Amino acid sequence: MTAVAEARPDTAPPPRPKQNTLSARTRWVRRAPLLPALIFTVVVTQVPFLVTLAVSSLKWNVLTPGDKSFLGLGNYENFAGLHNYVTVFTDKRLRNAVLNTILLTTSVVLISLALGLMLAVLLDRKFPGRGLARTLLIAPFLVMPVAAALVWKHVLYNPTYGLFDGVLNWIWQLFGADQGPVVDWVSSMPMPAVIAALVWQWTPFMMLILLAGLQAQPTDILEAAKVDGADGFKTFRFITMPHMRQYLELSGLLGSIYILQTFDAVYSITQGGPGTATTNLPYEIYLTMFRKYEYGEAAAAGVITVVGTIIVATFALRVFSSLFREEHTK
Amino acid sequence: MTAVTSEPTVTTPGPAKISRRERRKIKAAEDIAQKGGPVWTAIAWFFTLLFFAPVAWMVLTSFHSEADAATNPPTPFAGVTFSNYSDLFDRNVMPFLINSATASVVSTLLVLVLAIPAAYALSIKPVEKWTDVMFFFLSTKFLPAIGALLPIYLIVKRVGMLDNIYTLVILYTAMNLPIAIWMMQSFLAEVPKEILEAAEVDGASLIRVLRSIVLPMTSPGIAATSLICFIFSWNEFMFAVNLTATVSSTAPVFLVGFITSEGLFLAKLCAAATLVSLPVLIAGFAAQDKLVRGLSLGAVK
C-alpha cells in the first residue's frame, strides 16, 4: 500500500514561469486518461482499508451500541487501542482460524502446483487430442466455485449416494463383496475434503501458467542439449527447471494470494466445521461480523489478513517486476 | 518427473540389449522434438479424464431423474430427462441469472471504459513513474476482499445501497480493473509504437486515437480482457451473499439458497450448478488462448 504514496501524481502544479507551464500541461494531458481509473481504484479499494484500520481500534459490538458515532456509519462504545488485536491473537477461535488458513493455503498451493506441473509436462508433448485435453482440463477452474463446492459436498462426498462411495461400492461389488466401505468424507476428514475440492479447482490454474512457461522455453537451447547428448531427464533437471523457476514462483504466489481468501468453499462445504476444524480467516471474519457482530474484532482480524497477504504479495510483486522488466528490455 | 525418462515408444517385443540403449537415445531426441508415444498419450488422457470426471458427472446427473441420481452404485446410463432444468425455471432462477448478467456485463463495460485509456496512457505516452502506477494497480488486486467487507457493508448500508445490483457493479469493477489494465497494457505493448506515435504527432484527440487506432488494433485483446472480467464477476460470491438480499441476488446466491430448501435434490443441484456455470464455461473456452494471460495478469503470454 506504500505504492499509493509513490504512485500519486504530483499535486497540482504551483504557478510557474511561462516556459514551464507547457510541459506541466503536457504532463497533465498525458496523465489525464489514467486518472479516472486511478481515482476510482483509490476510492473503492484503499478507503475501505483505512476504515477497517480505524474500526480495528474501537470497541464496537452492534448488540451493545455505545453513544459515539463513527463517521455516521454506526455507534461504537469506546476507543480500544490495540485491544482487539490482543483478542485476535489470544482468542482460541481466531488463533485457530489463522492456523487453518496457513494449513489450507499451503496444502492447496503445494499440491496443486505439483499436480499442475505434472499435467503441464504431460500436455507439453504432442499427442492425439491434446487440444481437447487442454480444454477439458480447464473446466474445473471455470465451474462456478460455489457450484463446484456444493457438487463436491453433495454429489461426490455424500456417504449414502455420493459418487466416491458409490464407486468404492461398485468396485467392492465387482469383487464379490456385498457392500463397499462407507466413508463420510466431510465429517471424518473435513480439512482434507475442503483441500481436495480446492486442489481440483486450482490445479488447472497452475497447469495453464506452467504450460505457458514450458512452451516459452527457447527451442535452440533444447536442441543444443540434444546435440550435446543430454537425455530427457537431464534436460528437464538442468534446463527446464531453472527456466521454470519464475513460472513456479508466479503461479505459486498468485495462487497463494487467491487461496488465502477462500470463502466460497468453506461456506458451502463445511460452514467452517465440524466445530472450528475448517474455519479459516475469511470465514471467521464473516462470522465475527455477521454472527457475533463484533465489528472491532472483525476489523482487527481483517487487518491481520491484509498484513499476511501483503507479505506474500511482496514476493509476488518481485516476481512480477522481474518478468515485467524482462518484457520491457527485450 | 519420471514421465520424462524415456517410455518405450515402440511396443514390439524382444529388443536386443544393445539396441535398447540406442533406442533410448532416439527416444530422448524425440522427447525434445515434443512427441510422445502411446503410453504418454494414455497417461495424459487418464489424468485429463480424472480431472474432468466431476464436471462430466455433474452434467450427466443433471439429466437424470432424482431416483436415478441417488443410486448406489451409481448408474451413469440411466434414462435422460430435462425436467430438472424446467424445474429450475419454475423455481424462478431467471431473476438471479439476470442479476448476474447485469452485474458482470455492466461492470465489464465499465472496466473497459476505465482501463483502455489508462493502459493507453501507461504504455504509449509513458507517464512519469509509470511502473509505480502499474504496480499500484497490481497491489490492489492482491489485497484480500474480506478485509474491506466490513467498511463496504457499513458504507453501502449508510447510503442505502444494500441489495442493489449497482453496488456489485462498482465492486466488481474495482476488482477487475487491475487485471484489465495489466492485460491491456500487455496487448498494447504489441502494437507497433510508430503507428501510435504517428497519430499523436498528427494531433488527433484522445477519443479519436482510441477509437480509430487503439480499439481496432487491440480488439482481440479487448475481447479476451472482457471475457476474463466477465468470468471473475459472474463467479463472485463473497460480496454477493453479504450485500444482497432478495432483489439483486446473483446466481451463486441462488445456488446456496436453493439447496437448503430441498429434499432429494442431487439431480436438481447438478442442473442448477451446470446452468449457472455454463456462461463461464463458454466464455472460458472461447478465451482459452488468452486465459493464461488473464490469469497471470498479463505477465505470461
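How many residues does the contact take from chain A and from chain B? I looked this up at the outset, noting that the model is predicted. The contact takes 101 residues from chain A and 94 residues from chain B.

**Entry on the interface.** I next asked which element of chain A gives the most to the side that touches chain B. I found that helix H15 of chain A, residues 295-329, gives the most, with 14 residues. I then sorted this side of chain A by class and recorded 69 nonpolar, 21 polar and eleven charged residues.

**Entry on chain B.** I recorded 15 helices and zero strands in chain B. Of its 301 residues, 50% are buried. I also looked at contacts in chain B with a separation of 6 or more, and 79% of these join residues 24 or more positions apart.

**Entry on the core.** I found 186 residues in the largest nonpolar core, where Ala197(A), Ile209(A) and Ala115(B) have the most contacts inside it. Domain 1 (2-87) and domain 2 (88-295) of chain B each supply at least three residues to this core.

**Entry on a helix pair.** I examined helix H5 (residues 92-123) and helix H12 (residues 232-259) of chain A, which pack at an angle of about 145° with their axes 9 Å apart. The crossing of H5(A) and H12(A) is right-handed. Among the residues making the contact are Ser112(A) and Gly116(A) of H5(A), and Gly252(A) and Gly255(A) of H12(A).

Conventions:
Residues numbered from 1 in each chain as written. Chains lettered and ligands numbered in written order. Predicted model: local features only at pLDDT ≥ 70, side-chain atom pairs only at ≥ 80, totals over all residues. Contact = placed C-beta atoms within 7 Å. Helix = DSSP H or I, 4+ residues; strand = E, 2+ residues; numbered from the N terminus. Nonpolar A, V, L, I, M, F, W, Y, C, P; charged D, E, K, R; others polar. Buried ≥ 20, exposed ≤ 12 C-beta atoms within 10 Å, placed from the backbone. Core = buried A, V, L, I, M, F, W, Y, C linked by C-beta atoms within 7 Å. Domains from an automatic or database assignment. Axes fitted to C-alpha atoms, helices over the stretch in contact; angles between N-to-C directions. Left-handed = near helix turned anticlockwise from the far one by under 90°.
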